[in-house]
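User: Hi! Could you walk me through this one with me? I'd like to start with the aromatics.

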Amino acid sequence: MDYRVQLAKRMLSNKKGSLIGAVLAVSIGILVIHVNFVIFQGLYDAIVRDLSSYRFGDVLVTDEESFITKSDTFLVGWFERIPYVEAATPRMQSSASINVTKNGKLVEEFRVPVIGVDPMRDPRVSTAYQTVSDGQFVFSRNSLVIGSRVVDDLGGARVGDSVKIKITDRRGEDQVRRFLITGITTSPGGQGLDSEIIMHIDALRDMLDRDGETGEILVKLNDPKKASDVKNYFLRTFPNDDFKAETIEESAEAALSGFRSGIAMINMIGYFGLMSSAFAVVTIQMMLVSSKTREVGVMRAIGAKRKDILIIFIVQGMMIGAIGAGIGTAMGLGYTFYAKETKMTFAGSIPLEVSYDWAKITQTAIMAFSLAVVASIYPSYKATKLQPVEAMRYV
């Protein structure tokens with residue numbers, strides 16, 4: 001081993017307090033970035049996950065003008081012949097007035113979004129059926145699943161209650177029908193269907209007088225990365241129709257754009273925190289230089305060159321950076337593992353979608369190491385400026 005590396009190692013080992021302080025500064029900077037990524041990127045990915053699972057699928061097909069008039073059975077069958085497609089399902093959306101009689105008292109009508117689903121196909125594409133916390137999912141034309149917030153607005157409606165739904169059809173006439181509540185949905189995070197009601201798609205078609213029409217087709221892929229390929233293939237196959245096909249990022253753009261800006265700002269704060277650790281390294285290295293003035297004087301007196309002194313203190317910076325990056329990355333990975341295995345939530349909110357971004361992990365570690373090395377350059381340069389005679393005064 002080069003004698004300069006040995007000297008750098010010995011100097012650091014003799015100043016364990018300074019070494020620990022510098023390493024902790026780098027490690028904590030890395031840990032902050034990992035925690036920010038787990039929380040904010042995990043929350044973003046969780047929102048994408050839930051929007052995809054509940055509302056949009058991996059690919060969403062709509063009509064640019066109005067409702068889809070082409071047979072939903074034909075479109076679903078076309079999609080399901082594609083190897084990347086796991087399943088597809090039709091949906092239709094509208095709004096309705098709803099009221100219920102509780103203990104002989106009529107709860108006032110109010111407007112609520114309505115989603116029509118195919119009870120057989122929808123569970124293959126969407127996880128909305130898994131949010132039914134009481135009762136069961138839609139199974140017949142007269143069954144209705146209502147969100148937990150709608151339950152509150154109805155004065156505490158329960159499974160088994162009868163509700164009256166009023167929908168305005170395509171001709172502007174009101175259609176009123178009575179339904180039986182068969183399930184109540186509850187989901188964390190506000191991305192679910194807690195503020196909506198779900199009914200059989202054929203019942204909604206009847207009330208809207210839209211027989212044979214569909215509002216949208218949700219497509220679930222076994223490989224979500226193929227969403228753009230499937231979307232483009234679909235649009236090429238039906239160029240003369242007014243179809244609009246979007247990936248989850250496109251269909252949920254309004255909900256995600258602001259959140260992406262927030263993540264970018266939080267990441268920037270994390271990197272500024274890492275840069276502040278570099279100033280801590282500068283301070284500690286300056287203290288090391290001051291405390292090793294005598295040793296520097298002896299080395300210069302016996303023939304050590306300025307380049308040798310420079311290398312010794314830069315090697316110290318490399319050691320601090322390597323140890324700090326290693327410990328910080330280990331702590332960050334430990335936190336990520338914990339968050340992923342426990343499906344971390346905050347106060348019962350949406351469970352985070354935690355993933356290991358190895359490119360970002362590596363980039364953060366390299367950046368921390370590089371900052372520690374750069375931060376040691378100025379103290380190293382100051383050490384080389386010590387003159388042997390002046391430094392020997394401290395002997």
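User: W78 and F234, buried or exposed?

Analyst: Both W78 and F234 are buried. Do keep in mind that this is a predicted model.

User: Noted. What other ring does F234 stack on?

Analyst: F234 is stacked with F79, because the ring centres are 4.9 Å apart and the planes sit at 20°, and under 30 degrees counts as stacked. F79 and F234 are both buried.

User: Where do F79 and F234 lie?

Analyst: F79 is in helix α3 and F234 in helix α7, so this pair ties together parts that are 155 residues apart in sequence.

User: How many aromatic pairs does the structure hold?

Analyst: There are ten aromatic pairs. One of them is W78 with F234, an edge-to-face pair with 5.5 Å centre to centre and 70° between the planes.

User: Which residues do ring pairs link into a cluster?

Analyst: The cluster holds F74, W78, F79, Y233, F234, F238 and F243.

User: Nice. Switching to charges: how many salt bridges are there?

Analyst: The structure holds 19 salt bridges. One of them joins the side chains of D72 and R121, at 3.7 Å from N to O.

User: What does K220 pair with?

Analyst: The K220 side chain meets E86 in a salt bridge, again given as 3.7 Å, N to O. K220 lies in strand β10 (residues 216-221) and E86 in strand β2 (residues 85-102), so the pair ties together parts that are 134 residues apart in sequence. K220 counts as partly exposed at 27% relative accessibility, and E86 counts as partly exposed at 40%.

User: What about R171 and D169, buried or exposed?

Analyst: One of each. R171 is exposed, with a relative accessible area of 53%, whereas D169 counts as buried at 6% relative accessibility. Their side chains meet in a salt bridge of 3.8 Å, N to O.

User: OK, new topic. How many cavities of 30 Å³ or more?

Analyst: The count is one cavity, and the largest cavity has a volume of about 100 Å³.

User: What lines the largest cavity?

Analyst: The lining consists of I33, H34, F37, V38, L333, T336, S355, Y356, D357, K360, I361 and T364. These divide into six nonpolar, four polar and two charged residues.

User: Which helices supply the lining?

Analyst: α2 (16-56), α11 (306-341) and α12 each supply at least two residues. The largest share, four residues, comes from α2.

User: Let's finish on α12. Which of its residues are buried?

Analyst: The buried ones are K360, I361, T364, A365, A368, A372, V373 and A375. Among them, K360, I361 and T364 also line the largest cavity.

User: And how far apart are the end C-alpha atoms of α12?

Analyst: They are 25 Å apart. Helix α12 has 18 residues (358-375), so at 1.5 Å a residue it should span 26 Å, and the two values agree.

Methods: Residues are numbered from 1 along each chain as its sequence is written. This is a predicted model: local features need pLDDT of at least 70, side-chain atom pairs count only at pLDDT 80 or more; totals for chains, interfaces and linings use all residues. Side-chain values use heavy atoms; hydrogens and water are left out. The expected span of a helix is 1.5 Å times one less than its number of residues. Buried means under 20% relative accessible area, exposed over 50%, partly exposed in between (1.4 Å probe, protein chains only). A salt bridge is a side-chain nitrogen of Lys or Arg within 4 Å of a carboxyl oxygen of Asp or Glu. On a 1 Å grid over the protein atoms alone, a cavity is a set of points where a 1.4 Å probe fits but cannot get out, and a pocket is an open set with protein on both sides within 12 Å along at least five of seven lines; lining residues have an atom within 4 Å of a point. Grid points are joined across faces, edges and corners, and a volume is the space filled by probe spheres set on the points. Ala, Val, Leu, Ile, Met, Phe, Trp, Tyr, Cys and Pro count as nonpolar, Asp, Glu, Lys and Arg as charged, and the others, Gly among them, as polar. Rings of Phe, Tyr and Trp (its six-membered ring) pair if their centres lie within 6.5 Å; planes under 30 degrees apart count as stacked, over 60 as edge-to-face and the rest as tilted.
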